[in-house]
Amino acid sequence: FFPLQSQLSQALNGLSDRAKEAKEFLVQLRNMVQQIQENSVEFEACLVAQCDALIDALNRRKAQLLSRVNKEHEHKLKVVRDQISHCTVKLRQTTGLMEYCLEVIKENDPSGFLQISDALIRRVHLTEDQWGKGTLTPRMTTDFDLNLDNAPLLQSIHQLDFVQMKVSSPVPAPPILQLEECCTHNNSATLSWKQPPLSTVQVEGYILELDDGNGGQFREVYVGKETMCTVDGLHFNSTYSARVKAFNKTGVSPYSKTLVLQTSEDTQSEEQTLPFPVPLERSQLRRMSPFSSTLNLQPSFPGRSYFELRSSAHQLSLHSSLQSLNSAVAWFSFDPASAHADIIFSNDNLTVTCNSYDDRVVLGKTGFSKGLHYWELSIDRYDNHPDPAFGVARIDVLKDAMLGKDDKAWAMYVDNNRSWFMHNNSHTNRTEGGITKGATVGVLLDLTRRTLTFSINEDQQGPVAFENLEGLFFPAVSLNRNVQVHALTVLSGAPQRHTLRLSLL
């Protein structure tokens, strides 16, 4: 009896070990499910970013090709207009000669007729010869002899596929946030991290993510090799969550523990006079799915994100000015719903042009009624002829006229040499200095002081354009088919101060 009990006990011990291994294996499989889901999100984000880069390259090439089409268009028009002018002059001379000859034929004096008839006959024959072969033939065809060869690109797009990579080394371990080195100053938070001790896996870089301060989705705010990053422009009285992960050629590590940043209560600061802010060095910004507005920034050590701004005798640094601003970096986009039907949108509604030679108005999606707001628009296409206008407008502004023609818009319209301010069709403050392709127009709407100011290529254009502004204003642009612009980032805020508290989850 006892030997059998001992055998059964030993057998149960072996079975128990197998059951324990099975439980551990199930935990491993469940962890794999979680890891697969996280890796899928990361892989999708990377795929979307790569496809967006291809789309951006195609859009840039499209702009170059459109420029060639416009040059061909101008060349054809010049040749035809020159031929019209030449033919008009020659026809006027021929008609005059014919009328003179008819009057001579009516002359009853034979002697007078004989004196001039030979000369007139020679002149008529000479004029007729001038209308010889080719004179009444168009020198230019109406067709555009430009055929776009898109077959290779379409074939490449159809062949676009994944390349299967063999895993050569393990993914990095999760980084460790170093609370003792994390600090805050005004509206900035500096985060520091490191690899776990004894970790031998090679790391190529790190990805720092923050949520939106309202418990929303995380967004990338830094990608690079440094282990420290300063994040500016946080909202007041908000709770942010931060996390970091490492990556190498094999893949991406799990996230670190989450760092919670609690900003202080709002306090009203003393009002200051803020000169026109202009950015000197702008970190690379790109939009990535699945986030609605992801910033992928390539800062210099120690990893400062968002903007670095210049100062001079006449201009304070916007960065230092925003020490007292509840400022946020946001994406500026145009609104197809309220725009004129002739407006053409592209690049996620960040780029606009027009299919009409007449001026058409397009508004931004966001309206402002208080605070400080600054945005920029880059001139992608401009042929030195039209007068695009930039500024702000009410939602019910006229959409089929130049911005500023009615009392619902406040604008600066500009050509390649000079600019004017315009409101209710009143033109003021002619200022030398215009725009070219690649120029940047800045708009500063300060609803605390109720003023509107403009800049071109980071230099203030003229005096303060408009004062005593009050109400709800939308960013606005008017343009025609010879102009294309795209919106850059927006800075907005209201005067406030805060401190920061950190905790780790």
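Select Glu 42 and Lys 245 to begin: their side chains meet in a salt bridge at 2.2 Å, N to O, a salt bridge being a side-chain nitrogen of Lys or Arg within 4 Å of a carboxyl oxygen of Asp or Glu. The pair links distant parts of the chain, with Glu 42 in helix 1 (residues 2–105) and Lys 245 in strand 7 (residues 239–247), 203 residues apart; helices (H or I, at least four residues) and strands (E, at least two) are DSSP runs, numbered from the N terminus. This is a predicted model, in which local features need pLDDT of at least 70 and side-chain atom pairs count only at pLDDT 80 or more, while totals for chains, interfaces and linings use all residues. Residues are numbered from 1 along each chain as its sequence is written, and side-chain values use heavy atoms, with hydrogens and water left out.

Lys 245 counts as buried at 0% relative accessibility, where buried means under 20% relative accessible area, exposed over 50%, and partly exposed in between (1.4 Å probe, protein chains only).

Arg 243 lies in strand 7 and Glu 209 in strand 4 (residues 205–210), so the pair ties together parts that are 34 residues apart in sequence. Both Arg 243 and Glu 209 are buried. With Glu 42, Glu 209, Arg 243 and Lys 245 displayed together, you have a linked network of salt bridges.

Move on to Glu 470 and Arg 450, another salt bridge, with the closest N and O atoms 3.6 Å apart. Glu 470 sits in the loop between strand 22 (459–460) and strand 23 (474–479), and Arg 450 in the loop between strand 20 (440–446) and strand 21 (451–456), 20 residues apart. Glu 470 is exposed, with a relative accessible area of 57%, whereas Arg 450, at 32%, counts as partly exposed.

Now turn to the open sheet, where six strands run in the order 14-23-16-17-18-19 with antiparallel pairing; two strands pair if DSSP finds at least two bridges between them. Its edge strands, strand 14 (360–363) and strand 19 (426–432), each pair on one side only. Within this sheet, select strand 17 (residues 409–414) and strand 18 (residues 418–423), which pair in the antiparallel sense over five bridges, and find Trp 410 standing opposite His 423 in strand 18.

Finish at Thr 351, which is found in strand 13 (residues 351–354) and counts as buried at 5% relative accessibility.
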